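Please keep the structure in view while reading the points below.

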Amino acid sequence: MNYRELLTKYPVIRKLSLLQLIAYFGAWFSNVAIYTMAVNFGSTAFAISLITAMHLIPAILIAPLSGSIIDRFKIKSLMLTLLCIELLMTLLFLTIDSKDDLWILMILIFIRMGSSSMFFSTEMSLLPKLISGKALQKANEIHSIIWSFTYSAGMAVSGVVVNYLGIKTAIIIDAFFFVAAIILFLNIEFKVEIIHTNEKIRTMIKDGFLYLKNNKIVLHLLFLHSSVGLTSFDTLVTLLAKNEYKYVIAVPLSIGITNAVRAFALMIGPFFITNRINKDSLTYIFVFQGFAIILWSFLQFNFYLALISLFFTGFVTTTIWSYTYALIQEKVEHKYLGRVISYNDMIFMISNVSTTFFIGVAAGFFSLQLITFILGLGFFAFAIYYKWLKTYL
C-alpha cells in the first residue's frame, strides 16, 4: 500500500491529513514573527532559548494529565476545543508591543503550545483506533511528513511575510489558518469506540505510569524516539541568523530560508527511504543523521554552503521520527494509547528542551560550530543504543 492508495481507501485519513496540514502549519507559522520580535527587542541568547523552550515545555508538564483526558473524554469535542484555544492565543499575540511584554508572550505561547501538544497526542492516539497494520505505518509516515513540513515550512513562508508585510500581518494570517482548520474539522466524521470509565483522573495517571514501569521495552522505545529532539535547531538557526548571517541577508529571511531548506528535506526524505527502512537499517539511519549534522557544523561559516549541508540533516529525520513512533504504537494496548503517547511526547519534548537550553547556555562559552558538532555525536550514541535494543524487539 502506498500513500495514494491509503488516502483513497480511507477518506477519513485523507481529511484528517488535510486538517493536520492546516492546523500544524498554523501552529508554527507565527514563530518567525515571535523570534523576530525577540531579536528586535534586543533579547539575549538565553532569552531566545527560553522563548523557544516555551514551545516545548507545555508537552512536558501537561503530558500525564492530557493522556488521561484523551483516554477518558470524547475525542472530537476535545480536538475542537483545543483548536479554538489555539486561535484565541494567536490573536492575543497582537497585544505584544515591547520587551516588557515578553513574559506575557511566553505565557501565551505556553497555553497555545499546550493545546497544540494535546491536539497532536489526541490525533496520534486516534489513528490506531481507525486503522492498523501497514495502513497505520503509512498513516504515521504521512503524519510525520506533514508535521515535519509544516514545522519548518510554516516558519519559512512566515519569514517572507514578516520581512515584507510585518510581524502583525503574519500573526493575523496565522489566525486565519486556525479558522480554516476549525471549519474543516466540523465537517469530519469518524467513529471510534468510547471506553466509558468511572476511574478518577489521578488513578488513570498512576495506572499509565505503572503500565510503563511493567513494560520496559515501551519505555526504551520512548527514549529512542526522543533522539529526534537533538534536531531542535530553532535557537541555533536564530543565533546563526543574528550573529553570523545578518551581514549577508535579513534576519527573518535567513530564518525563513533556512527552515525552507529543512522543510524540503523533511518532506521528500521519506519518499526515498520508506521502502528501505526496517529494524536492521534503522541503525545506519541514525549514523547518517549524525554525519549530516557534523557536516553542517563544518560549513556553517558560509550561509549558502550551510544551506546545502542542512538539507542532509533533515533528509532522514522524518523517517527516524515516524518509524520509532510506529514501533511504540505497535507495542501499546489501545486502552493506554492516549497516556503512553502523551508520555512519549513528554519525553520527546524534554529532549527538545534540553537541546534548546544546551544551545542557549553553551553559546555563551563555545562556538555554534562546536555545539552543532556535539549534537551530531549524539546520534552516534543513539545508533549504539538502538543496536543493543534491537535484540529485544
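In this predicted model, the side chains of K76 and E189 form a salt bridge, with a distance of 3.5 Å from N to O. This pair joins distant parts of the chain, 113 residues apart: K76 belongs to helix α6 (residues 75-92), and E189 to the loop between α9 (167-185) and α10 (201-214). A search of the whole structure finds four salt bridges.

**Salt bridges**

- How accessible are K76 and E189? K76 has a relative accessible area of 24% and is therefore partly exposed, because this value falls between the limits of 20% and 50%. E189 has a relative accessibility of 62%, so this residue counts as exposed, the cut-off being over 50%.
- A further salt bridge is formed by the side chains of R112 and D174, at 3.0 Å from N to O. R112 is in helix α7 (residues 102-130) and D174 is in helix α9, so the pair ties together parts that lie 62 residues apart in sequence.
- Are R112 and D174 buried or exposed? Both residues of this pair, R112 and D174, are buried.
- D280 and K390 also meet through their side chains in a salt bridge, and here the N to O distance is 3.4 Å.
- K390 has a relative accessibility of 25% and so counts as partly exposed.

**Packing of helices**

- Two packed helices are described by the angle between their axes and by the distance between those axes.
- Helix α3 (residues 31-40) packs with α9 at an angle of about 155°, and their axes are 9 Å apart. Because angles over 145 degrees count as roughly antiparallel, α3 is roughly antiparallel to α9. The crossing of these two helices, α3 and α9, is left-handed.
- Which residues make the contact between α3 and α9? On the α3 side they are A33, T36, M37 and N40, and on the α9 side I167, A170 and I171. By class, the residues of this contact are five nonpolar, two polar and no charged.
- α13 and α16 pack at an angle of about 65°, with their axes 7 Å apart. These two helices, α13 and α16, are therefore roughly perpendicular to each other.
- The contact is made by L266, P270 and I273 from α13, together with T317, T318 and T319 from α16. This contact of α13 with α16 has three nonpolar, three polar and no charged residues.

**Two buried residues**

- T258 is part of helix α13. Its relative accessible area is 7%, so T258 is buried, the limit being under 20%. When neighbours within four places in sequence are left aside, T258 is in contact with V237, F303, L307 and L310.
- V332 is found in the loop between α16 (317-331) and α17 (337-362). With a relative accessible area of 8%, V332 is buried as well.
- How far apart are V332 and V218 in sequence and in space? They are separated by 114 residues in sequence and by 7.4 Å in space, C-alpha to C-alpha. Not counting residues up to four places away in sequence, V332 touches Y211, V218, L337 and V340.

Conventions: Residues are numbered from 1 along each chain as its sequence is written. This is a predicted model: local features need pLDDT of at least 70, side-chain atom pairs count only at pLDDT 80 or more; totals for chains, interfaces and linings use all residues. Side-chain values use heavy atoms; hydrogens and water are left out. Helices (H or I, at least four residues) and strands (E, at least two) are DSSP runs, numbered from the N terminus. Buried means under 20% relative accessible area, exposed over 50%, partly exposed in between (1.4 Å probe, protein chains only). Axes are lines fitted to C-alpha atoms, for helices over the stretch in contact, and angles run from 0 to 180 degrees between N-to-C directions. Angles under 35 degrees count as roughly parallel, over 145 as roughly antiparallel, 65 to 115 as roughly perpendicular and the rest as oblique. A crossing is left-handed if the near helix is turned anticlockwise from the far one by less than a right angle, and right-handed if clockwise. Contact means heavy atoms within 4.5 Å. Ala, Val, Leu, Ile, Met, Phe, Trp, Tyr, Cys and Pro count as nonpolar, Asp, Glu, Lys and Arg as charged, and the others, Gly among them, as polar.
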